[in-house]
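Here is a short briefing to read alongside the model. Let's start with the ground rules and then walk through the packing.

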Amino acid sequence: HGQNRKFVKYLLARITAFIEQAAGMQTDFAFYHEHHKNKKPFEVEHIWADKFERHKDEFDDKNEFLAYRNRLGDLVLLPNGTNQSLSAKPYEEKREHYLKENLLLKSLHPKTYENNPNFTKAIERLGFEFRAHDEFKKADISQRQKLMYQIIKYIWSSDMVVK
């Protein structure tokens, strides 16, 4: 929601930059976080569109749906413009476009795990539970939420040592 959007963007920028750096990519936090660094600033976007009717098989109540939709596991960073063009599409359509974006977002697609040894070795070394998602249901948000927690805990642990 509006009151924590800046903090959520900070978290997502930090996580995204960390994962890319761990995979040997030349990136930094400022690229994802600071507006003046990019002509198209990054924005927080929900993976799920605000379409309760698409998720009635898992939710009886719209408020429960909205609570799940607002979890960190359902949020990503997208450049302005891409964000607007994908916003209401179902996950299955968005996922193909995600391959063109940052590594944290790409990790939703199975092709990210093919011929990408820097990424696969990094997540194995760090012990993060990344996986592709053919669909994105309630359980997928929960799994992604757990992954985000693993990464946050690692980044901010007082004994963090780059391995």
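Contact here means heavy atoms within 4.5 Å. This is a predicted model, where local features need pLDDT of at least 70, side-chain atom pairs count only at pLDDT 80 or more, and totals for chains, interfaces and linings use all residues. Residues are numbered from 1 along each chain as its sequence is written, and side-chain values use heavy atoms, with hydrogens and water left out.

**Arg144**
- Arg144 sits in helix H8 (helices are DSSP runs of H or I, at least four residues, numbered from the N terminus).
- Arg144 is buried but has no salt bridge, and Asp74, the nearest side chain of opposite charge, is 8.6 Å away (buried: under 20% relative accessible area, 1.4 Å probe, protein chains only; salt bridge: a side-chain nitrogen of Lys or Arg within 4 Å of a carboxyl oxygen of Asp or Glu).
- Leaving aside neighbours within four places in sequence, Arg144 is in contact with Gly73, Leu104, Leu105, Ser107, Leu108, Phe130, His133 and Phe136.

**The largest nonpolar core**
- This core has 27 residues, and Leu12, Phe18, Ile19, Phe128, Phe130 and Ile151 touch the most other members (a nonpolar core is a set of buried Ala, Val, Leu, Ile, Met, Phe, Trp, Tyr and Cys residues joined through side-chain atoms within 4.5 Å).
- Helix H1 gives the most to this core, with 8 residues.
- Beyond four places in sequence, Ile151 is in contact with Ile15, Phe18, Ile19, Phe128 and Phe130.

**Helix H1**
- Buried residues of H1 include Val8, Leu11 and Lys9.
- Gly24, which follows H1, has a positive phi near 85 degrees.

Key: Buried < 20%, exposed > 50% of the residue type's maximum accessible area, 1.4 Å probe, protein only. Helix = DSSP H or I, 4+ residues; strand = E, 2+ residues; numbered from the N terminus. Lys, Arg positive; Asp, Glu negative; His and termini not counted.
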